[in-house]
Amino acid sequence: MKQLLLATTLCMGLLSGCAATAPVFSGQNDGGVQHPAPPTASYFIANRDLLAAETKWRQNKPAYYSYTLQRSCFCSPEFRQPMAIEVSGSTVTKSTLQADQTPLPLARRTDAISMEGLFDIIHKAVDSKAARIDVKYDEHYGYPLSVSVDQSVQIADEEMYYTASEFKVMTKAKPKAKKTVKKTVKKSNKK
């Protein structure tokens, strides 16, 4: 009976897709389990790719552009809504919620970032030696298409994902509509 129970348990583990991994213990014998940090070479490669993409971006960056930014995280739905962003130079000039084109709420204005802001997120992840960093860059312009950062494998639900899509080069920034004042000319009754 014990053998049947053991065999059933092993089969259930295999069928559920669970994989056992050997924990790496710290030098101290405190019984705590530590997950191995990514090797230094992976940070070197991530930084190398980041610098190459940033250089390409600086060389090909349009003066005016727009794109859609969506953040995915373990956060409330309003923070995951796609944002339509317009940028002049490195400054965000307009940010709206893509679904209904309403202006981004004041509390979320700092979420609307330029491509330089996305590069800053990647720099911070590399500098802080995040547990996992996955980035895909646009081949022509070099801007980040997707950014995935897991700061610590030991902390649940702190991962952040950013997706940049619908990138469009704009020929110039859209001027703000000027109010036109109708001038009325008063006719004088001279006789």
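User: How are helices and strands defined here, and how many of each are in the chain?

Analyst: Helices are DSSP runs of H or I with at least four residues, strands are runs of E with at least two, and both are numbered from the N terminus. By that rule the chain has three helices and eight strands. Read from the N terminus, their order is α-β-β-α-β-β-β-α-β-β-β. Do keep in mind that this is a predicted model: local features need pLDDT of at least 70, side-chain atom pairs count only at pLDDT 80 or more, and totals for chains, interfaces and linings use all residues. Residues are numbered from 1 along each chain as its sequence is written, and side-chain values use heavy atoms, with hydrogens and water left out.

User: Thanks! What counts as buried, and what share of the residues is buried?

Analyst: A residue is buried under 20% relative accessible area, exposed over 50%, and partly exposed in between (1.4 Å probe, protein chains only). Buried residues are 29% of the 191 in this chain. As for the surface, accessible areas come from the Shrake-Rupley method with a 1.4 Å probe, and for residues only the protein chains shown count as cover. The chain exposes about 13900 Å², with 58% of it supplied by carbon and sulfur atoms.

User: And what is a contact, and what share of them joins residues 24 or more positions apart?

Analyst: Contact means heavy atoms within 4.5 Å. Among contacts with a separation of 6 or more, 53% are between residues 24 or more positions apart.

User: How do I read a nonpolar core, and which residues touch the most other members of the largest one?

Analyst: A nonpolar core is a set of buried Ala, Val, Leu, Ile, Met, Phe, Trp, Tyr and Cys residues joined through side-chain atoms within 4.5 Å. The largest one here has 31 residues, and Trp57, Tyr67, Leu69, Met115, Leu118 and Phe167 touch the most other members. Two or more residues come from each of α2 (40–60), β3 (64–73), β4 (83–88), α3 (115–127), β6 (132–137), β7 (144–150) and β8 (160–170). The biggest giver is α3, with six residues. To see one member in its surroundings, select Tyr67: not counting residues up to four places away in sequence, its contacts include Met83, Ile85, Met115, Leu118 and Phe167.

User: Now the charged side chains. What is a salt bridge, and how many are there?

Analyst: The general idea is that side chains of opposite charge can pair when their charged atoms come close. The rule used is a side-chain nitrogen of Lys or Arg within 4 Å of a carboxyl oxygen of Asp or Glu, and it gives six salt bridges. One of them joins Glu116 and Lys61, whose closest N and O atoms are 2.9 Å apart. Glu116 lies in helix α3 and Lys61 in the loop between α2 and β3, so the pair ties together parts that are 55 residues apart in sequence. Both ends are partly exposed: Glu116 has a relative accessible area of 22% and Lys61 has 26%.

User: Last one: how are aromatic pairs judged, and how many does the structure hold?

Analyst: Rings of Phe, Tyr and Trp (its six-membered ring) pair if their centres lie within 6.5 Å; planes under 30 degrees apart count as stacked, over 60 as edge-to-face and the rest as tilted. The structure holds eight such pairs. Trp57 and Phe167 have ring centres 6.1 Å apart and planes at 70 degrees, so this pair is edge-to-face. Trp57 lies in helix α2 and Phe167 in strand β8, so the pair ties together parts 110 residues apart in sequence. Trp57 is buried at 2% relative accessibility, and Phe167 is buried at 17%. Phe167 also pairs with Tyr141: their centres are 5.0 Å apart and their planes at 55 degrees, so that pair is tilted. Together, Trp57, Tyr65, Tyr67, Tyr141, Tyr143 and Phe167 form one aromatic cluster.
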